[in-house]
Amino acid sequence: MLEGFFEQMGQWPISQAIGASIWVYPTIQAIHLVFLALFAGGMMITDLRLLGFGMRSKTTAEVARDARPWMVTGFLGLVATGVPQLMQNASREYFSEFFWYKMYLIAFGLIFLLTVRRKMIQAPETSAASKVVALISMAVWTGVTINARLIGLFT
Amino acid sequence: MQPVHDLFFWVSELPTSIAIRESLLFSPYLTVAHVVSMCLFAGLIVMMDLRLLGIGNMSTPFSELQKRLFPWQMLGMAMSSVTGVTLAFSDPMRFYVNIFFWTKMLVMVLAGINAMAFHFITYNSVVTWDTRATTPFGAKLSGALGMVLWAIVIVSGRLIPYNWFQNN
């Protein structure tokens, strides 16, 4: 069922249009990386604070509140530039193990972000637990980045 | 640019360069490590630039943000440099003819000059605006230039594989 959907998606006129131009797809890929930097920065400034390496004159909650709009902007930009890449490459990505690893890790990362990490950000002090949460967060989003890059290199 | 050409050509003939070029997995893994270290470097640079622009991370005094993020930015820079130089080392003649590679190198120099100018001029007055709700013009200029220049570096870096204008 999903395979059929991916095949169809690749046939949509807009998907074909993205593939027909030599520069549209590469430009989208490049802008995807700029949003990645914004997202990663917003994520890491909070994760570093959870690790106890960040700006210690402010609580983690304050650091996180400042970073959140930029992290969200980065994420929305990543989705907006990621979906067209998927549309143009739909069938190929369906058969890429790295694409699916990336999707599972994003799903896990978002759930983790909205539950455990969100709760940990409210803690007044850094602790062993907050450090573990920061390390998991960094590892998951690094895993997303690694798998994302491998889609293009090995598919 | 004959001397540059000769240097790149000389590197391309070195046994180590040939070995990396001919290995199937080394370059892809280097590319992946380059992207991950770019996130660390550019991600924290953009956080600092937003603070300089006066639109992000405003709860924290600038000097504290700068001091806390600097070691991580430098770690990201070191990792990006090692992976990037090794990538260039592994296939210099491919980069030599690539317009995006040279754009990236040039804009990195400009971004470096911007950072130096900020450090030696605007940062001297940091005590007067460290905790203020707005930042002075010089800080905003450095922040805006930093974001634009590093974005160009990222974009031109990603476009290197697409040699639309390649001229052998």
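Residues are numbered from 1 along each chain as its sequence is written, and chains are lettered from A and ligands numbered from 1 in the order in which they are written. In this predicted model, local features need pLDDT of at least 70 and side-chain atom pairs count only at pLDDT 80 or more, while totals for chains, interfaces and linings use all residues.

**View 1. Chain A as a whole.** Chain A has seven helices and zero strands; helices (H or I, at least four residues) and strands (E, at least two) are DSSP runs, numbered from the N terminus. Along the sequence the pattern reads α-α-α-α-α-α-α. Its C-alpha atoms fill a box of roughly 50 × 30 × 25 Å along the principal axes. Of the 155 residues in chain A, 35% are buried. A residue is buried if 20 or more other C-beta atoms lie within 10 Å of its own, exposed if 12 or fewer, and partly exposed in between, with C-beta atoms placed from the backbone.

**View 2. The contact between chains A and B.** Chain A gives 29 residues to this contact and chain B gives 30; two residues are in contact if their C-beta atoms, placed from the backbone, lie within 7 Å. On the chain A side, α3 (24–51), α4 (60–88) and α7 (128–154) each give two or more residues. The largest share, 13 residues, comes from α3(A). By class, this side has 19 nonpolar, six polar and four charged residues. Here Ala, Val, Leu, Ile, Met, Phe, Trp, Tyr, Cys and Pro count as nonpolar, Asp, Glu, Lys and Arg as charged, and the others, Gly among them, as polar.

**View 3. The largest nonpolar core.** This core has 63 residues; a nonpolar core is a set of buried Ala, Val, Leu, Ile, Met, Phe, Trp, Tyr and Cys residues joined through C-beta atoms within 7 Å. Among the residues that touch the most other members are Ala37(A), Phe39(A) and Cys39(B). Leaving aside residues up to four places away in sequence, Cys39(B) touches Leu36(A), Ala37(A), Ala40(A) and Thr145(A).

**View 4. Ala64(A) in its helix.** Ala64(A) lies in helix α4 of chain A. Ala64(A) counts as buried because it has 24 C-beta neighbours inside 10 Å. Not counting residues up to four places away in sequence, Ala64(A) touches Thr46(A) and Ile121(A).

View 5. The 22 residues of α6(B) should span 32 Å at 1.5 Å a residue, and the end C-alpha atoms are 32 Å apart, which agrees; the expected span is 1.5 Å times one less than the number of residues. Phe100(B), Lys104(B), Val107(B), Ala111(B), Asn114(B) and Phe118(B) are the buried residues of this helix. They cover an arc of only 80° around the axis, so they lie on the same side of α6(B); the arc is that of the directions from the helix axis to the C-beta atoms. Part of what covers them is α8 of chain B. On the other side, Val109(B), Gly112(B), Ile113(B), Met116(B), His119(B) and Phe120(B) are exposed.

**View 6. Confidence in chain B.** The mean pLDDT of chain B is 94, and 98% of its residues reach 70 or more; pLDDT is the predictor's confidence in each residue, from 0 to 100. Confidence is lowest in helix α7 (residues 126–129) of chain B, at a mean of 92, and highest in α8(B), at 97. For the complex, the predictor gives an ipTM of 0.93 and a pTM of 0.94.
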